[in-house]
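Welcome! Take a moment to look over the model below, then read on for a short tour of the contacts inside it.

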Number of protein chains: 2
Amino acid sequence: MRKIKKALISVSDKNNLQIIGNFLSQNKVEIISTGGTQNFLKKHNISSTDITKITGNPESFGGRVKTLDFKILSAILFDRENDYLEAEKLNIEPIDLVICNFYPFKQAKQSNSSLDNLIDNIDIGGLTLVRAAAKNFKDVLVVNDPEDYSELIIELKNNKMCSSENLRKYHMIKAFNLVANYDSEIATSMTQLQNKKSLRLSFYEYETLRYGENPHQKAVIYRDFNASKGSFLLDYEKLHGRSLSYNNILDLNGALETLSGLSRKGCCIVKHNTPCGLSESTEKSMLLQLAWEGDPISSFGSVIAFNFTVDKQDLVFLHFDDFDKANRKFVEAIAAPNFTNEALHYLKNNKNIRILSFDHNYLINILKKSEIRFIPGGLLLQNSNNKKFEKLECVTQENHLNIAQKQEFIEFGLLAVRQVRSNAIIIVRHHQDGSFQVIGQGSGQPNRLNAIKLAIELAYKNLTSQSDGKQNVNNIFEESLLISEAFFPFPDSIEHCAQFGIKTIIQPGGSIQDQKVIDSCNKHGITMYFTGTRHFKH
Amino acid sequence: MRKIKKALISVSDKNNLQIIGNFLSQNKVEIISTGGTQNFLKKHNISSTDITKITGNPESFGGRVKTLDFKILSAILFDRENDYLEAEKLNIEPIDLVICNFYPFKQAKQSNSSLDNLIDNIDIGGLTLVRAAAKNFKDVLVVNDPEDYSELIIELKNNKMCSSENLRKYHMIKAFNLVANYDSEIATSMTQLQNKKSLRLSFYEYETLRYGENPHQKAVIYRDFNASKGSFLLDYEKLHGRSLSYNNILDLNGALETLSGLSRKGCCIVKHNTPCGLSESTEKSMLLQLAWEGDPISSFGSVIAFNFTVDKQDLVFLHFDDFDKANRKFVEAIAAPNFTNEALHYLKNNKNIRILSFDHNYLINILKKSEIRFIPGGLLLQNSNNKKFEKLECVTQENHLNIAQKQEFIEFGLLAVRQVRSNAIIIVRHHQDGSFQVIGQGSGQPNRLNAIKLAIELAYKNLTSQSDGKQNVNNIFEESLLISEAFFPFPDSIEHCAQFGIKTIIQPGGSIQDQKVIDSCNKHGITMYFTGTRHFKH
């Protein structure tokens with residue numbers, strides 16, 4: 001325990017300053033202060049010693065040099081055990097507490113200040129005080145954050161105005177992290193002056209997982225120091241169930257990313273990091289079933305997300321209260337901005353399910369983010385893929401599609417296909433009530449024809465098991481869209497589509513074989529649109 | 001331009017110090033120096049002013065306080081334009097050049113020093129000098145790196161001992177980055193004292209790409225400040241061709257990652273971030289063909305990598321010198337640690353191909369790395385998946401497999417399957433000459449049965465096109481392994497395997513349906529091994 005007799009206060013952020021000032025003053029701690037801080041204290045009738053009385057030097061050069069002084073820094077830095085006599089000889093009295101925060105460099109940066117203003121906001125003296133006090137945390141307490149004053153007051157009250165080692169260590173660590181963040185901001189800003197970009201990312205441990213992608217891999221989740229509340233994927237409130245696993249987290253991420261592009265109410269189902277079900281409608285109670293029907297086998301063991309407040313009615317398709325447990329759908333986690341009490345009650349029939357409520361703004365914000373991908377020794381940073389299409393241009397003789405009526409539908413399909421790993425093919429269905437649904441997909445194929453075969457086979461199987469027979473399936477295929485995330489390199493894909501009764505194909509175009517592909521469509525009476533926008537996802 | 005009349009030198013790293021000291025001294029620059037630096041200069045007959053003569057204070061507290069002084073920091077920080085009179089009044093003479101580097105905190109950390117020793121190595125004075133000089137770069141030049149002295153000497157010689165604004169700006173940026181790196185090291189070390197992990201990653205712009213994963217996405221490659229030479233994916237030497245695209249980079253990464261696990265000579269072909277071909281052998285000239293045969297359609301437009309010095313003989317399968325251009329294989333990039341001149345000459349028949357030579361140690365080092373995956377507001381960090389299996393346990397009545405002879409073969413298959421996106425199935429073949437080859441795969445399926453169907457269909461097609469007929473295919477299937485990266489949830493997969501004559505299956509096991517799966521194997525005379533190790537990759 002270290003008694004606090006003398007404190008140095010030099011703060012840029014004067015929030016709560018009178019509170020801590022009053023407390024220290026009332027408890028007979030001598031306060032040393034600098035210009036602005038001193039004026040503020042004076043205004044609140046808190047007396048303090050002017051730092052210039054100790055340094056013997058004036059505050060100079062517009063405040064650039066005030067704390068940068070031999071006596072002040074010695075009073076912070078000297079080793080209380082070994083350097084005691086030397087300090088006495090030099091007439092240095094120890095400073096036991098440093099309260100200091102910095103010129104607002106980041107705010108200056110964010111407000112697009114001039115270079116001169118930016119430079120003025122590079123704090124030298126403050127950082128030196130804080131780094132010195134943190135270095136000597138065995139004896140000195142350093143506090144930066146006005147939010148910490150009230151906690152500090154309680155601690156000091158409880159300990160007869162002494163700081164404990166734990167307290168000093170806690171604040172030392174906070175201080176060094178603050179300093180590192182501050183210097184990182186400066187470094188990246190200054191690097192821009194060379195028209196070069198740099199990137200400094202800082203993270204703290206958020207949770208250690210039981211294991212990673214596989215049981216023999218250790219894994220840790222980190223949260224960005226700069227992430228605002230609600231913007232971190234794991235900022236959801238967990239309403240029920242165990243923690244998410246590594247793979248659950250990936251699936252949740254995929255589901256929310258997919259939902260973020262929808263304009264109406266929707267539901268997304270993800271398994272193995274692939275959105276295997278997606279639906280959109282103005283009528284919400286059918287959404288889960290529509291999404292599930294996109295791949296009823298893969299949906300078992302999935303993560304499901306909604307972009308609206310979920311009621312019980314929206315969930316009954318899960319049969320969680322079915323007497324026959326075999327009818328209950330197996331789901332790993334369900335996420336939504338909110339759940340009604342009835343919905344929660346219903347879901348909790350399943351003891352093992354995780355129920356997650358995420359911030360409403362989350363879906364809006366992830367659209368704006370850049371995408372970072374780590375590679376050995378570096379990373380790739382790119383804009384998120386927010387675009388849907390450049391154009392919608394019919395390139396075939398046949399044109400079934402009434403674009404004015406179908407644009408929303410096409411956008412739904414493009415949104416779905418851009419979330420599936422390349423090569424990716426999606427088949428989407430437009431119900432008469434205005435709902436959209438993915439009914440088949442082929443994903444992750446190095447060969448495009450395989451992706452088409454997979455999508456058609458799945459859609460065919462899904463529809464056959466739901467509808468009254470092959471005739472009906474053909475009708476639905478005729479009204480559905482087959483969407484490819486990239487161009488067709490050969491007409492073989494079209495031949496396969498024609499064979500199964502696909503009537504409308506959407507693709508970016510851009511292959512040297514485009515004409516052969518179009519010719520094949522014309523031969524089979526297929527309508528084809530070019531979007532001009534590729535959607536690779538690897 | 002700013003004339004350099006007075007320099008302050010205070011360095012921990014004394015490399016090349018006599019060179020810059022001599023130069024400054026001979027050019028009539030007054031040198032101010034501190035303890036160790038002064039002794040070093042003295043030994044080399046370079047005279048300098050003791051800093052204590054200027055500060056009027058002794059070097060105190062075991063060197064903790066020597067440069068931290070009003071006069072010294074004023075001499076660095078004052079605004080030469082606006083504060084000139086104030087400085088004169090205070091008797092402060094400007095310091096025009098600061099040469100300073102820091103206590104070796106990182107080295108202390110790496111040598112597992114005690115906490116006391118770590119704290120001793122937190123530099124306060126040095127950082128203050130450098131940050132102050134960098135802040136005032138309009139007038140002051142700051143240099144940290146002994147490697148920069150020779151360049152500095154040339155610059156000053158050419159400019160009559162003046163520093164240019166560009167020079168000062170360049171070094172200011174370098175200094176602030178150095179400071180940020182230094183403070184980041186301290187922050188992460190100190191955070192560990194709380195048994196908490198933190199992560200600070202810093203990157204600088206390496207290359208701006210023409211575009212990202214898709215043409216409408218902007219993308220930048222960043223290199224880690226701390227990456228050692230040869231350890232960054234893009235540290236390869238480009239021997240021929242244009243820059244890699246974003247997607248080429250992903251494919252190259254996948255190919256090298258896959259090769260990193262091989263123990264013999266091997267070749268990997270990647271398309272759409274999926275390793276669609278992989279081969280291993282002691283005889284290298286067949287490797288490319290063996291890999292290519294794993295998926296001859298997808299291999300078009302791929303990235304190919306080898307883990308050995310490549311000769312022309314290893315490449316002739318590409319037919320790059322074929323008179324009929326239609327016979328020439330289309331490949332985006334070829335990478336290897338080295339190429340013979342003959343190989344290079346041969347490859348350059350193809351004007352568009354990129355030829356890349358990567359560091360020999362690259363493949364060894366990536367195995368040791370952690371894997372980082374960014375998520376909104378944070379990241380997931382996990383150990384790389386380096387493991388192959390926990391056990392090799394036969395679980396069926398039938399046991400064709402002579403493990404003693406086949407272990408290398410099984411390891412090859414496991415290595416291949418762990419690089420393919422889940423759900424993943426691989427079929428591998430063991431040639432009589434001892435080569436191993438992937439002959440079919442199913443990847444990225446949310447449904448395992450689909451992955452099996454894809455793998456078997458592809459293998460069947462590949463073998464039929466190569467061999468003399470169905471009989472031969474059946475023989476090959478009997479001697480091949482089908483490997484699943486995760487357990488089979490239902491016996492339907494086994495039924496499908498049996499139908500196509502698969503005789504040996506390797507899988508981790510662990511499903512509640514394991515017994516049904518084993519029963520199905522027993523029914524069909526299939527040999528099944530459990531490895532106990534799952535290899536999900538999402």
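How many salt bridges does the structure hold over all chains? There are 40 salt bridges over all chains, a salt bridge being a side-chain nitrogen of Lys or Arg within 4 Å of a carboxyl oxygen of Asp or Glu.

## About the model

This is a predicted model, where local features need pLDDT of at least 70, side-chain atom pairs count only at pLDDT 80 or more, and totals for chains, interfaces and linings use all residues. Residues are numbered from 1 along each chain as its sequence is written, chains are lettered from A and ligands numbered from 1 in the order in which they are written, and side-chain values use heavy atoms, leaving out hydrogens and water.

## Two copies

Chain B can be laid on chain A by a turn of 180° and a shift of 0.0 Å along the axis, with an RMSD of 0.1 Å (superposed by least squares on the C-alpha atoms of residues with pLDDT of at least 70 in both). The two copies are thus related as by a two-fold rotation axis.

## Salt bridges

Let's visit one of these pairs. A:D183 forms a salt bridge with B:R131, their closest N and O atoms being 3.0 Å apart. A:D183 lies in helix α10 (residues 165-192) of chain A and B:R131 in helix α8 (residues 125-135) of chain B, so the pair joins two chains. (Helices, H or I with at least four residues, and strands, E with at least two, are DSSP runs numbered from the N terminus.) A:D183 counts as buried at 0% relative accessibility, and B:R131 counts as buried at 2%. Buried means under 20% relative accessible area, exposed over 50%, and partly exposed in between (1.4 Å probe, protein chains only).

Another salt bridge, at 3.0 Å from N to O, is formed by the side chains of A:R354 and A:E332. A:R354 belongs to strand β17 (residues 354-357) of chain A and A:E332 to strand β15 (residues 331-336) of chain A, so the pair ties together parts that are 22 residues apart in sequence. A:R354 is buried, with a relative accessible area of 4%, while A:E332 is partly exposed at 22%.

## Aromatic rings

The structure also holds 29 aromatic pairs over all chains. Rings of Phe, Tyr and Trp (its six-membered ring) pair if their centres lie within 6.5 Å; planes under 30 degrees apart count as stacked, over 60 as edge-to-face and the rest as tilted. The rings of A:W292 and A:F300 have centres 5.5 Å apart and planes at 75°, so this pair is edge-to-face. A:W292 counts as buried at 3% relative accessibility, whereas A:F300 counts as partly exposed at 37%.
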